[in-house]
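Hello,

Here is the structure for you to look over. My notes follow below it.

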Amino acid sequence: MAAPEAVEGNVRRPGKKKAVKAVDESELLTVPDGWKEPAFTREDNPRGLLEESSFATLFPKYREAYLKECWPLVQKALSEHYVNATLDLIEGSMTVTTTKKTFDPYAIIRARDLIKLLARSVPFEQAVRILQDDVACDIIKIGSLVRNRESFVKEEDDFLGPKGSTLKALELLTNCYIMVQGNTVSALGPFSGLKEVRKVVLDTMKNIHPIYNIKTLMIKRELSKDPELRTQNWERFLPKFKRKNLKKRKEPKKKNIKKEYTPFPPPQPESQIDKELASGEYFLKESQKKRKRVEEIKAKQADAVKKRQEERNKAFIPPKEKPVVKAKKASTEKKIDIEAIKEKVKNAKKKKLGALPMEEVKLKMAADEKKKKKKEVIHGS
């Protein structure tokens, strides 16, 4: 086969290959900061949709009053995407349908998620965010994950935390709105956050406290701020929690010990005749056998009487007395000074509570006498 001639233009020259630039794979996998997917406009789908699509969902009776109040706002939000919404209070259902003007095929899916969130007690202010491109939702059913109702309530309380603090911390770390209602957990936010919320909820239902996952999320948040560590593996930084089963299994009182396997069958038990032959009783006469049985019965009765008598005599046995401990004589090493004690008692008698000392009393008495003499002199003059 002849080689093609080299022609200017788009024809490739034989023997020469295009130079392909070496592209780093890490650059292809990383998303640049601040990048946002362009919005879907009518220019992308000018002819609209071929068929009409619709979704319906039921809502509980207690949500009827709230939905009736906020339904005009729901219709207004969906009309911007050319989707109709109807509320049926008799059947207790909400329905969303596409129109001829609907150009976004995913708008009906967002409208379906909106009515699902409203039915699960999510307020309209939060549920309407599902119509944005970068927001998604996840409804996690937790009622069937735990068998016992008491343990389900305990796990749910652990997830909420004291005064909802654990739930609030999880919302801040994942940038998601989380609503716990009945047997479901509704989450609304970015895709990466929804993934973490689902993991935490499922782990909590498996009796793993959410604080462990929250600690891991906090470390991941700090690591993502560092541009050098962003592309590296974070396994060495993340904590590893081991489950410890502290409760030991109660050991049974009677342990069944397996015997060693032997291919031979166990020996047959001896019959009554074999026992009599071995003891020689088989060859005795009937009268001798009867006498022997009577003697055995009498021996058993004598033992029983003896044991009964011992039990009765126990009440008459005096208890052992404790040995008398002689009181130790008071040591005469430290002699008490009786004179010093007498002196202290005399001083205490002289001094009364609130009374002045003796010297001050004498001075006061002398001063009173001087005043009396002065008065007498004045009156006498």
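**Notes on the structure**

At 4% relative accessibility, T98 counts as buried (under 20% relative accessible area is buried, over 50% exposed, and in between partly exposed, with a 1.4 Å probe and protein chains only). This is a predicted model, in which local features need pLDDT of at least 70 and side-chain atom pairs count only at pLDDT 80 or more, while totals for chains, interfaces and linings use all residues. Residues are numbered from 1 along each chain as its sequence is written, and side-chain values use heavy atoms, with hydrogens and water left out.

T98 belongs to strand β3, residues 93-98 (helices, H or I with at least four residues, and strands, E with at least two, are DSSP runs numbered from the N terminus). A polar atom of the T98 side chain lies 2.9 Å from the backbone nitrogen of S53. Leaving aside neighbours within four places in sequence, T98 is in contact with L49, E51, E52, S53, Y82 and I108 (contact means heavy atoms within 4.5 Å).

Next, Y82. This residue lies in the loop between α2 and β2 and is partly exposed, at 32% relative accessibility. Most residues other than glycine have a negative phi. K163 also has a positive phi, near 55°; K163 is in the loop between α5 (149-160) and α6 (165-174) and is exposed at 91% relative accessibility.

Y82 is also part of a cluster that ring pairs form with F40 and F103 (rings of Phe, Tyr and Trp, the last by its six-membered ring, pair if their centres lie within 6.5 Å; planes under 30 degrees apart are stacked, over 60 edge-to-face, and the rest tilted). R42 lies over the face of Y82, 5.6 Å from the ring centre (a charge sits over a ring if NZ of Lys or CZ of Arg is within 6 Å of the ring centre and within 35 degrees of the ring normal). R112 lies over the face of F55, at 5.4 Å from the ring centre.

The structure holds three aromatic pairs. The rings of Y282 and F283 have centres 5.6 Å apart and planes at 90°, so this pair is edge-to-face. Y282 is partly exposed, at 41% relative accessible area, and F283 is exposed, at 64%.

The largest nonpolar core has 27 residues, of which V74, L78, V83, M94, V96, L114 and L118 touch the most other members (a nonpolar core is a set of buried Ala, Val, Leu, Ile, Met, Phe, Trp, Tyr and Cys residues joined through side-chain atoms within 4.5 Å). At least two residues of this core come from each of α2 (64-79), β2 (83-88), β3, α3 (107-119) and α4 (124-127). The largest share, eight residues, is supplied by α3. Domain 1 (40-133) and domain 2 (135-244) both give residues to this core, so it lies between them; the domain bounds come from an automatic or database domain assignment. Another core, of 21 residues, lies apart from this one and includes F152, L170, V185 and I214.

L78 is in contact with V83, A85, V96, A111, L114 and L131, leaving aside neighbours within four places in sequence. A77, in helix α2, is buried at 10% relative accessibility. Not counting residues up to four places away in sequence, A77 touches F124, V128 and L131. A77 and V128 are 51 residues apart in sequence, and their C-alpha atoms are 7.5 Å apart in space.

Regards

Notes
A polar contact is a pair of N or O atoms within 3.5 Å; within protein, one must be able to donate a hydrogen and the other to accept it, and residues adjacent in sequence count only if both atoms are side-chain atoms.
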